[in-house]
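Subject: Structure for you to look at

Hello,

Here is the structure I said I would pass on. Please open it first, then read the notes below with it on screen.

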Amino acid sequence: MTRALLRIASWVVPGADRADWLAEWSGELWHVTRAGGPAVAFCLGAFLDALWLRRHNQNPRAAVLATPARCLGALAGMACAAGLWIPAFRPPWNVVEVRSHGRHAPITYEQYRLIAANLPSNVEAVAFYRPGRKAVATRNMDAVLQGARLPDCGRYSMVDDPGSGPGSVVARVSRRGPWFHISAPSPRGGRVVFDCFPLEPGDRAMATFLIFALAVVLLPMLTTVSLGGLARGWRAWSFFATKLVLAVAGAYLVSAMVGVILAPMMLAHGLLIGTALAIRWAFRDQRRRCPVCLHKLASPVSFGCLGHTLLEWHGSEFICPEGHGLLQESATTASPYAPLRWLPL
Amino acid sequence: MPDALRLSHTAALILGAIAAGDGYGFSVMEITGLPSGTVYPALRRLERDGLIRSQWERQSIADREQRPPRKYYKVTRDGQVALDASRERYPLLAKLVAQEEA
């Protein structure tokens, strides 16, 4: 575990210093272990050391998002890459969920066996599963999904008999409309009717809009919804708008992909968090850009001391790498919506 | 006194431990009693400011003693000046390091 902690901390260290840093900490860990010291606490200190080296890196690489063109290019690349992966996680068109007719109630394993024994002509295969922490599914689930994922069940174990009790049924069909019925003979006589619904929700646009609207409502709790008076002219505003759209689209797609893989039941939460963080990042990034060339401001310097706020100015100063000016941000403004102070050089 | 020579108490303690002890990270921790998260970043800062310099010991020495090689830190001439100034500024520092070492 201690070796793993050091290895993880080494990722924070700049690449040029990493091997030397890891060798030193590994050697020191040997002494700590031999002396019977707290090895884990010792290794946790490695993270502080690694962070110090990262912050004071003498040869930093040019930031990926430094220039406006590279920023938009990186965001567009992220959105496109996530967009290309999404179809792999979307349920196929010919897999439907089977529910009790008119009641949207779960289906029991006995009902599933009834359907499986009397497959209609347009249903190729049918499988039963029970979502939850210990999700189980019948062994023919793979024949139905054929590599696709269930929307409300990440991993499941396959069993011969999931036991009695309610669950869900999915079916692979040869043709489908928006929804349709299938029926099976009832043990009491007559026929039992079931509704089939596509796994892919049809109202995705409305859900997306609601998530975006909720993220906007939450935004004032996450950051200052102000550009500090730094967005001047159509170029700055169009850059900000494009960045916002690309960041939200990328974060939405990445959140959807990660959510489907890791926690399908929490997909909506992940989409909301991802979208809110993307909007927050877009605002904060814009407040750290030169209003003239839109390059990312560099070389932050802190002035003053929190304990001396009545005696001297306390805040941070950033400089445009192209030399257009200085940005002064006070740490003690009366309002978070106060404009930032830009000093042209 | 120049700003470069004005060390914090912790930095002066670590510099004194390097001068008094074996001069590798764990020995500094043992002498000062400071945690690793304080000692190692301070060593980086002192080395960046030219008050100490680091050097890996030869692999053959480590092999002979059957342990991993150590990275030793030594106080530079500027570091010694800063340490002397700190001892004047923090009179108990010399006693503290000497006691810890003992």
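Two residues are in contact here if heavy atoms of theirs lie within 4.5 Å. By that rule, 20 residues of chain A are in contact with 18 residues of chain B. Please keep in mind that this is a predicted model.

The interface

The size of an interface is often given as the accessible area lost when the parts come together. For chain A and chain B that area is about 1700 Å², and 62% of it is on carbon and sulfur atoms. On the chain A side, the residues that lose the most area to chain B are A:E24, A:H31 and A:W52, which together make up 36% of what that side buries. One cluster of rings includes residues from both chains: ring pairs link A:W21, A:W25 and A:F42 with B:Y40.

Is strand 3 of chain A (residues 123–130) enclosed or open? Of its 8 residues, 7 are buried, so strand 3 is largely enclosed by the rest of the structure. Strand 3 pairs in the antiparallel sense with strand 6 (residues 166–173) of chain A, over 6 bridges. In that pairing, A:F128 stands opposite A:V169 of strand 6.

Strand 3 also pairs with strand 4 of chain A, again in the antiparallel sense, over 2 bridges. Here A:R130 stands opposite A:V136 of strand 4. These two strands form a hairpin with 5 residues between the strands, and A:G132 in this hairpin takes a positive phi near 145°.

Around A:T138

A:T138 lies in strand 4 (residues 136–138) of chain A. Why does A:T138 count as buried? Its relative accessible area is 4%, and buried means under 20%, so A:T138 falls within the cut-off. Which residues is A:T138 in contact with, leaving aside its neighbours within four places in sequence? They are A:Y109, A:Y112, A:A127, A:F128, A:M158, A:V159 and A:P162.

Aromatic pairs and a charge over a ring

Over all chains there are 10 aromatic pairs. One of them is formed by A:Y109 and A:F128, edge-to-face, with 5.3 Å centre to centre and 70° between the planes. A:Y109 belongs to helix 5 (residues 109–117) of chain A and A:F128 to strand 3, so this pair ties together parts that are 19 residues apart in sequence. Both A:Y109 and A:F128 are buried. Elsewhere in chain A, the charged end of A:K243 sits over the ring of A:W281, 5.7 Å from the centre of that ring.

Helix 9

At 1.5 Å a residue, its 20 residues should span 28 Å, and the end C-alpha atoms are 29 Å apart, which agrees. Its buried residues include A:L271, A:L272, A:I279 and A:F283.

Strands 9, 10 and 11

Strand 9 (residues 298–303) and strand 10 (residues 315–319) of chain A run antiparallel and are joined by 4 bridges. A:V301 stands opposite A:E317 of strand 10. Strand 10 pairs in the antiparallel sense with strand 11 (residues 325–330) of chain A as well, over 5 bridges, and there A:S316 stands opposite A:E329. Strand 10 and strand 11 form a hairpin with 5 residues between them, where A:G323 in the turn has a positive phi of about 80°.

Regards

Definitions and conventions. Residues are numbered from 1 along each chain as its sequence is written. Chains are lettered from A and ligands numbered from 1 in the order in which they are written. This is a predicted model: local features need pLDDT of at least 70, side-chain atom pairs count only at pLDDT 80 or more; totals for chains, interfaces and linings use all residues. Side-chain values use heavy atoms; hydrogens and water are left out. Buried means under 20% relative accessible area, exposed over 50%, partly exposed in between (1.4 Å probe, protein chains only). Two strands pair if DSSP finds at least two bridges between them. The expected span of a helix is 1.5 Å times one less than its number of residues. Rings of Phe, Tyr and Trp (its six-membered ring) pair if their centres lie within 6.5 Å; planes under 30 degrees apart count as stacked, over 60 as edge-to-face and the rest as tilted. A charge sits over a ring if NZ of Lys or CZ of Arg is within 6 Å of the ring centre and within 35 degrees of the ring normal. Buried area is the accessible area (1.4 Å probe) that two parts lose on being put together, summed over both.
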